Amino acid sequence: DKQDMTFTLSKKEYQPGDVAKVLIRSPFDRSVGILAIERNGLLETRRLELKGRNHVEEIPIQDFMIPGVRVSVAPPPGRAKGAKVSGSDKDTGRHMAAVGRIALPVSTARRGIKIAIHPSKTVLNTGETISVALTSRDWQGKPVPARVVVMVVDEGALSLLGFKTPD
């Protein structure tokens, strides 16, 4: 038999440096299993001892976890001791398994770069030339090197096409 485990996160999104608190709800009163933290492969495994149907596991959030990781839990309790198999279909000691998985979203704000545009003029006539200075800063406001592409397009022409200017 297979049963699902359910999870509740302490936040909708985490920042590096946070500690995620994950409430794990198990269909078993007591079990031992494995908790795995994954992102493009296995990052960490832990032995997980569930002493009741509700358990809170803490997971420190680190920079390399951006934009998120997946947490999976598999605590098979095994066959019940002393259970007997009868002639009926009910095997009260049969092996039970439970699995569950949840995503821990991690904010990408620390990976973002803010670009400020400083044109020499704000209004142009056809055929005019301007210079544009660009500055790039990280999430803390510190200057960072960046490669950018600048395109100059008539916004009126774009609006006729239904184009929405991206951030």
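Visitor: Which residue in E3 stands opposite Thr 8?

Guide: Leu 23 in E3 stands opposite Thr 8. This is a predicted model, in which local features need pLDDT of at least 70 and side-chain atom pairs count only at pLDDT 80 or more, while totals for chains, interfaces and linings use all residues. Residues are numbered from 1 along each chain as its sequence is written, and side-chain values use heavy atoms, with hydrogens and water left out.

Visitor: Why are strand E2 and strand E6 called edge strands?

Guide: The open sheet of three strands has the order E2-E3-E6, with antiparallel pairing. Strand E2 (6–9) and strand E6 (54–60) each pair on one side only.

Visitor: How do you know which elements the protein chain has?

Guide: Helices (H or I, at least four residues) and strands (E, at least two) are DSSP runs, numbered from the N terminus. By that rule the protein chain has one helix and ten strands, and the elements run β-β-β-β-β-β-β-β-β-β-α from the N terminus on.

Visitor: What share of the residues of the protein chain count as buried?

Guide: Buried means under 20% relative accessible area, exposed over 50%, and partly exposed in between (1.4 Å probe, protein chains only). Of the 167 residues of the protein chain, 26% count as buried.

Conventions
Pairing = 2+ DSSP bridges.
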